[in-house]
Amino acid sequence: MKQNKKIAVTGGIGSGKSTVIEILAEKGYPVFSCDEIYAQLTGRKDFLRRLTDEFGDVCDACGRLDRNKLAAIAFADEKKLARLNEITHPAIFEEMFSQADEAGGTCFCEVPLLFESGAEGMFDGVIVVLRDLEERIKSVAARNNLSRNSVVNRINSQFDYDNYDFAMYYVIHNNGNIEQLCAEVDKIIHKIREARS
Ligand code: ADP
């Protein structure tokens, strides 16, 4: 039996990924998030140098990464965006897996762009969180203080979770309240445990 298992938690914006990760953390599982790992990496001089070597001055007056500057450069040019992903994605996964190895046991990793980056095969299992579109729109608009239209545009620019066959993955339908979501998470934990034996 494998001692250390890495399970990805993914889903579209507003589906409830972070909430699922919080529930798992409360249950005592080691959890990781690509966004947090990226923030850790960009706080390191060597990684920041790789970005400045590639994209020029992307720092603020204090020498920290200016995410807006980097985004303005990368999103203006498809090739630069691809290059940014080439640099960041492997570094994020390498760091996340090294931290997960150190934690041991069954670890859960929040990976927003799992299918877009083709990284699903790197994990021992994948949990896909699905939620009704209207709930996603309403909760992201409220959470990020955004207009309905801008949320809809963001959702439409992402992977189409509503028309994909997730039969080979663990799926959570997050269409109830938080208690129901906790119960769904328990069911998945049970399935993952069964898969280990
Ligand atoms: P994601 O990380 O996928 O973008 P979040 O976990 O941040 O999504 O959830 C988006 C918003 O919806 C958050 O404000 C969260 O508290 C809320 N939310 C998620 N699931 C539920 C639920 N089952 N009931 C009520 N609110 C929820």
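At what angle do the axes of helix 2 (residues 34-42) and helix 3 (residues 45-55) cross? They cross at roughly 85 degrees and come within 6 Å. Helix 2 is therefore roughly perpendicular to helix 3, a word used for angles of 65 to 115 degrees, while angles under 35 count as roughly parallel, over 145 as roughly antiparallel and the rest as oblique. On the helix 2 side, the contact (heavy atoms within 4.5 Å) is made by Tyr38, Leu41 and Thr42, and on the helix 3 side by Phe47, Leu48 and Leu51. Sorted by class, this contact has five nonpolar residues, one polar and no charged ones.

A few notes on reading these values: this is a predicted model, in which local features need pLDDT of at least 70 and side-chain atom pairs count only at pLDDT 80 or more, whereas totals for chains, interfaces and linings use all residues. Residues are numbered from 1 along each chain as its sequence is written, and side-chain values use heavy atoms, leaving out hydrogens and water. Axes are lines fitted to C-alpha atoms, with angles from 0 to 180 degrees between N-to-C directions; helices are DSSP runs (H or I) of at least four residues.

Now for a second pair of helices. The axes of helix 4 (residues 67-74) and helix 5 (residues 78-103) come within 7 Å and cross at roughly 125 degrees, so the two are oblique to each other. Leu70, Ile73 and Ala74 of helix 4 meet Lys80, Leu81 and Leu84 of helix 5. Here the classes are five nonpolar, no polar and one charged.

Next, the ligand. The table gives polar contacts, meaning pairs of N or O atoms within 3.5 Å.

| Residue | Protein atom | Distance to a ligand oxygen |
|---|---|---|
| Gly14 | polar backbone atom | 2.8 Å |
| Ser15 | backbone N or O atom | 3.3 Å |
| Thr19 | polar side-chain atom | 2.5 Å |

On its own the ligand has 560 Å² of accessible area (Shrake-Rupley method, 1.4 Å probe), and the protein covers 76% of that.

Notes:
Ala, Val, Leu, Ile, Met, Phe, Trp, Tyr, Cys and Pro count as nonpolar, Asp, Glu, Lys and Arg as charged, and the others, Gly among them, as polar. A polar contact is a pair of N or O atoms within 3.5 Å; within protein, one must be able to donate a hydrogen and the other to accept it, and residues adjacent in sequence count only if both atoms are side-chain atoms.
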